[in-house]
Amino acid sequence: MIKQLLMGSAILVLAMGAAGAKDLKSVGVSVGSLGNLYFVALSQSAEAKAKEINPDVKVITVDSNYDLNKQFNQIDNFIASGVDLILLAAADPKAIAPAIKRAQNAGIVVMATDVAAVGADATVQTNNVQAGEIACQYIVDKLGAAGGQIIIQNGPQISSIIDRVSGCRKSLANNPKITILSDDQNGKCSRDEGMKIMQGHLTRHRKIDAVFTVCDPQATGSDLAAQQFGRNEFFIASVDGAPDIEKAFKGGNTRIQASASQDPYGMAQQAVQIGYEIMNGKKPDNPMILMPSTLLTKDNVADYKGWSSLR
């Protein structure tokens, strides 16, 4: 998929060059948190792709920490800087719309990346409903007919997280003997917050059979909390398929047993390429591009290709 995209990109760049295409001189990237390896990978890939199009391009990367007002200011700064393209992981998919409109009125293409955003020119994201569904189907299958008590460890209320939880609930509904102990704690997609939340659950609940976390950093934090409490009765399923989870599956002692994959490298590459095409008058047939998710487990980790490379 990525190789085909890059081959098509090279042909398009040559064609655009012959036709006097608009140059990609500056790109603004606003992600959720640069403390999350996923967003670091996404931003690095966006810069690599932009430099492939124009080696002299300037790429400005910032994170909102899921603060809407902070992201408003970031977009206004991008506008003032005269960027040509914005890659945006929206802190709030609906409330961010006025800022997107301001950018578009200034002639800037806005690509929603990782999460949907109202008014964006196009969106590239994981099929998050599918990701939540396959992660929680793993829980359903492993618990079996007896069911059990589980925790859904939630996250920032952005579209990707909402969709993952929705997909999870769809799978859990297949077994009426599954009881959800909690589903409203926001782990902020960070290891520390995931650990903090899990410590609270372990204090309140004597028995937990399984935990679904909306991202791998929270899963790692939850696993650390369980180690501290000496609790071994439950397992964890998550979303990301991150390199540290892959490594843990191959040799570590972890309660994390499954993670639905994402591909931040491929996502950012597509977002920059499609944004560049929109700059030059070529809109995608479908402005919502959903990347499929597959389930990574200890059983199939040897065959897992991981987050795709920048090449």
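Leaving aside neighbours within four places in sequence, with which residues is S26 in contact? In this predicted model, the residues that S26 meets beyond that range are V57, K58, G82, V83, D84 and L85. S26 itself belongs to strand β1, which spans residues 26-31. The relative accessibility of S26 is 8%, and S26 therefore counts as buried, the cut-off for burial being under 20%.

The largest nonpolar core contains 92 residues, among which L24 and M111 touch the most other members. Helix α10 (residues 264-279) supplies the largest share of this core, with 9 residues. When neighbours within four places in sequence are set aside, the contacts of M111 include the run L85, I86, L87 and L88. M111 is also in contact with A122, T123 and V124, and with A271, I274, G275 and I278.

Helix α7 covers residues 191-204 and helix α8 covers residues 216-229. The two pack at an angle of about 45°, and their axes lie 7 Å apart. The helices α7 and α8 are therefore oblique to each other. Their crossing is right-handed. On the α7 side, the contact is made by R191, G194, M195, M198, Q199, L202 and T203. These residues meet P217, Q218, T220, G221, S222, L224, A225, A226, Q228 and F229 of α8. By residue class, the contact of α7 with α8 comprises 8 nonpolar, 8 polar and 1 charged.

Conventions:
Residues numbered from 1 in each chain as written. Predicted model: local features only at pLDDT ≥ 70, side-chain atom pairs only at ≥ 80, totals over all residues. Heavy atoms only, no water. Axes fitted to C-alpha atoms, helices over the stretch in contact; angles between N-to-C directions. Helix = DSSP H or I, 4+ residues; strand = E, 2+ residues; numbered from the N terminus. Parallel < 35°, antiparallel > 145°, perpendicular 65-115°, else oblique. Left-handed = near helix turned anticlockwise from the far one by under 90°. Contact = heavy atoms within 4.5 Å. Nonpolar A, V, L, I, M, F, W, Y, C, P; charged D, E, K, R; others polar. Core = buried A, V, L, I, M, F, W, Y, C linked by side-chain atoms within 4.5 Å. Buried < 20%, exposed > 50% of the residue type's maximum accessible area, 1.4 Å probe, protein only.
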